Amino acid sequence: TVFLSDGKALPGRVVARDRFRGVALLKVEKTGLRPLPPAREEDYAVGRFALAFGNPFGAEQDHFPLLT
């Protein structure tokens with residue numbers, strides 16, 4: 001189950017997981033969801049926790065997007 005900030009709960013399906021890092025990529029079937037806004041430059045700081053999602057350089061050989 002995926003819980004949204006407005007209190008709604010949606011069923012989620014695990015698309016990919018990394019058991020070593022303890023993270024998973026979930027998919028929900030819902031239209032109208034907004035993406036997270038980009039971080040502001042003043043929020044960046046050395047040593048702060050951050051997640052980066054993507055597919056750099058078209059790295060499809062792993063069959064999963066990047067999570068850093």
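Which residues lie nearest the centre of the largest pocket? Select Val2, Leu4, Leu33, Arg34 and Leu36, which lie nearest the centre among the 19 residues of the lining. The model is predicted, so local features need pLDDT of at least 70 and side-chain atom pairs count only at pLDDT 80 or more, while totals for chains, interfaces and linings use all residues. Residues are numbered from 1 along each chain as its sequence is written, and side-chain values use heavy atoms, with hydrogens and water left out.

**The whole chain**

Begin with a cartoon view. The chain holds zero helices and six strands; both are DSSP runs numbered from the N terminus, helices being H or I with at least four residues and strands E with at least two. Along the sequence the pattern reads β-β-β-β-β-β. Of the 68 residues, 4% count as buried. Here buried means under 20% relative accessible area, exposed means over 50%, and partly exposed lies in between, with a 1.4 Å probe and protein chains only. Among the contacts in the chain with a separation of 6 or more, 15% are made by residues 24 or more positions apart; a contact means heavy atoms within 4.5 Å.

**The largest pocket**

On a 1 Å grid over the protein atoms alone, a pocket is an open set of points where a 1.4 Å probe fits, with protein on both sides within 12 Å along at least five of seven lines, and lining residues have an atom within 4 Å of a point.

Colour the lining by class: 11 residues are nonpolar, three polar and five charged. In this scheme Ala, Val, Leu, Ile, Met, Phe, Trp, Tyr, Cys and Pro are nonpolar, Asp, Glu, Lys and Arg are charged, and the others, Gly among them, are polar. Next select strand β4, residues 23-28, which gives the most to the lining, with five residues.

**Leu4 and its partners**

Centre the view on Leu4, in the loop between β1 and β2. Leu4 counts as partly exposed because its relative accessibility is 23%. Leaving aside neighbours within four places in sequence, Leu4 is in contact with Leu10 and Leu33. Leu4 and Leu33 are 29 residues apart in sequence and 9.7 Å apart in space, C-alpha to C-alpha.

Select β3, residues 12-18, together with β4: the two strands run antiparallel and are joined by six bridges. Two strands pair if DSSP finds at least two bridges between them. Across this pairing, Val14 stands opposite Leu26, and Arg13 stands opposite Lys27. The strands form a hairpin with four residues between them, and Gly22 in the turn has a positive phi of about 75°.

**Three salt bridges**

Now display the charged side chains. A salt bridge is a side-chain nitrogen of Lys or Arg within 4 Å of a carboxyl oxygen of Asp or Glu, and the count by this rule comes to three.

- Asp6 and Lys8: the closest N and O atoms are 3.9 Å apart. Lys8 is found in the loop between β1 (2-3) and β2 (9-10) and is partly exposed, with a relative accessible area of 45%. Leaving aside neighbours within four places in sequence, Lys8 is in contact with Val2 and Phe3.
- Lys27 and Glu29: these side chains meet at 4.0 Å, N to O. Lys27 is partly exposed, with a relative accessible area of 39%, whereas Glu29 counts as exposed at 66% relative accessibility.
- Arg40 and Glu42: the closest N and O atoms are 3.6 Å apart. Glu42 counts as exposed because its relative accessibility is 59%.
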